[in-house]
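Open the model in your viewer and keep the selection panel at hand. This tour goes stop by stop: select, look, move on.

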Amino acid sequence: MNFDILTIFPEYFDVLKSGLIGKAIESGKFSVNIVNIRDFSQDKHFKTDDTPYGGGAGMVMTPDPLVRAIEGTDPNHNAKRIYLSPKGRTLNQKVVQELAKEERLMFVCGNYEGIDERVIELCIDDEISIGDYVLTGGELASLVCLNAVARYIDGVLHSSESTSEESFSTNLLEYPQYTRPAEYRGLKVPEVLLNGNHKEIAKWRYEKSLEITKERRPDLLDKDEK
Ligand code: ADE
């Protein structure tokens, strides 16, 4: 799998050197190509934005550097090209799984008041929002998408269980986890987890999942058994 990320702030992506994601990239499980949109500006000051037609606050990213960056990076349109925007369809685990099936994903990050609509018409396949709030730009949103998708790439996580039992993969929130010590500041690990009876453990975990989902996210249960 390959990710192309188009941005005017390439330094945002230094975090990709850290943790499991950093290790996975280093060992070639997937690759990330960070493209500076400014490199495709033909303006003598490498400008990438201008004032909006019709007036209003802020600046809009101009079409030419963006289109040239997208087409220069993906000349045969092999990538699924995604524009991160609060107007997009909302990211959830189902969308993540759908994106994880792609061979190549391109994330286009807008800033300021967004990008010229013609870029979307000409070049973009999908628009994704990471939630009902507005960020200063698409960079953090693209990192969220990349991280969530990368967890499905072979060899990124340690065990295949990790994506199958976690919150949202079953429409239930995950049961509580405990590790050593068996007692901490007077709080004991539930007895059932210590006795090695896997059937009972599975039952306890399912019941806990159901309980926590009912309490915190009853909307998820509408999609599952009540
Ligand atoms: N850009 C600004 N806000 C965003 C959001 N919520 N999701 C995706 N991209 C964004």
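This is a predicted model: local features need pLDDT of at least 70, side-chain atom pairs count only at pLDDT 80 or more; totals for chains, interfaces and linings use all residues.

**Stop 1: the ligand**

Select the ligand and its surroundings. Around the ligand you will find L84, S85, P86, I128, S129, I130, G131, Y133, V134, L135, G137 and A141.

Residues are numbered from 1 along each chain as its sequence is written, and side-chain values use heavy atoms, with hydrogens and water left out.

Now show distances from the ligand to the backbone. A polar contact here is a pair of N or O atoms within 3.5 Å; within protein, one must be able to donate a hydrogen and the other to accept it, and residues adjacent in sequence count only if both atoms are side-chain atoms. At Y133, a polar backbone atom is 2.8 Å from a nitrogen atom of the ligand. At S85, a polar backbone atom is 3.2 Å from a ligand nitrogen. At G131, a backbone N or O atom also lies 3.2 Å from a nitrogen atom of the ligand.

How much of the ligand's accessible area does the protein cover? On its own the ligand has 260 Å², and the protein covers 96% of that. Such areas come from the Shrake-Rupley method with a 1.4 Å probe; for residues, only the protein chains shown count as cover.

Colour by secondary structure next. β5 (80-90) and β7 (126-129) are the elements that give two or more residues to the shell around the ligand. Helices (H or I, at least four residues) and strands (E, at least two) are DSSP runs, numbered from the N terminus. β5 supplies the largest share of the shell, three residues.

Then colour by class. The shell has eight nonpolar residues, four polar and no charged ones. Ala, Val, Leu, Ile, Met, Phe, Trp, Tyr, Cys and Pro count as nonpolar; Asp, Glu, Lys and Arg as charged; the others, Gly among them, as polar.

**Stop 2: the nonpolar cores**

Select F3, F30, L91, L99, F107, I128 and L146. In the largest nonpolar core, which has 27 residues, these touch the most other members. A nonpolar core is a set of buried Ala, Val, Leu, Ile, Met, Phe, Trp, Tyr and Cys residues joined through side-chain atoms within 4.5 Å. Buried means under 20% relative accessible area, exposed over 50%, and partly exposed in between (1.4 Å probe, protein chains only).

Which elements give two or more residues to this core? They are β1 (2-7), α1 (19-26), β5, α3 (93-100), β6 (104-109) and α5 (139-150). α5 gives the most, with seven residues.

Zoom in on F3. Leaving aside neighbours within four places in sequence, F3 is in contact (heavy atoms within 4.5 Å) with F30, S31, V32, N33, L105, F107, L146, V149 and I153. A second, separate core has 18 residues, including I70, A79, Y83 and V108.

**Stop 3: D126**

Select D126, in strand β7. Is D126 buried or exposed? D126 counts as buried, at 11% relative accessibility. Show its side chain with that of R89: a polar contact of 2.7 Å joins the two. Beyond four places in sequence, D126 is in contact with K80, R81, I82, Y83 and R89.

**Stop 4: T213**

Go to helix α7 (residues 198-216), where T213 sits. T213 is buried, at 0% relative accessible area. Its side chain reaches the backbone nitrogen of L173 at 2.9 Å. Apart from neighbours within four places in sequence, T213 is in contact with N171, L172, L173, P218, L220 and L221.

**Stop 5: loops and backbone**

- Select T170, in the loop between α6 and β8. T170 is partly exposed, at 37% relative accessible area.
- Select P181, in the loop between α6 (161-164) and β8 (183-184). The peptide bond from R180 to P181 is cis, with omega near 5 degrees.
- Select F46, in the loop between β2 (31-36) and β3 (49-50). Its phi is near 60 degrees, a positive value in a residue other than glycine. F46 counts as partly exposed, at 45% relative accessibility.
- Finish at R185, in the loop between β8 and β9 (187-188). Phi of R185 is positive, near 50 degrees, in a residue other than glycine. R185 counts as exposed, at 75% relative accessibility.

Definitions and conventions: A residue is near a molecule or strand if one of its heavy atoms lies within 4 Å of it.
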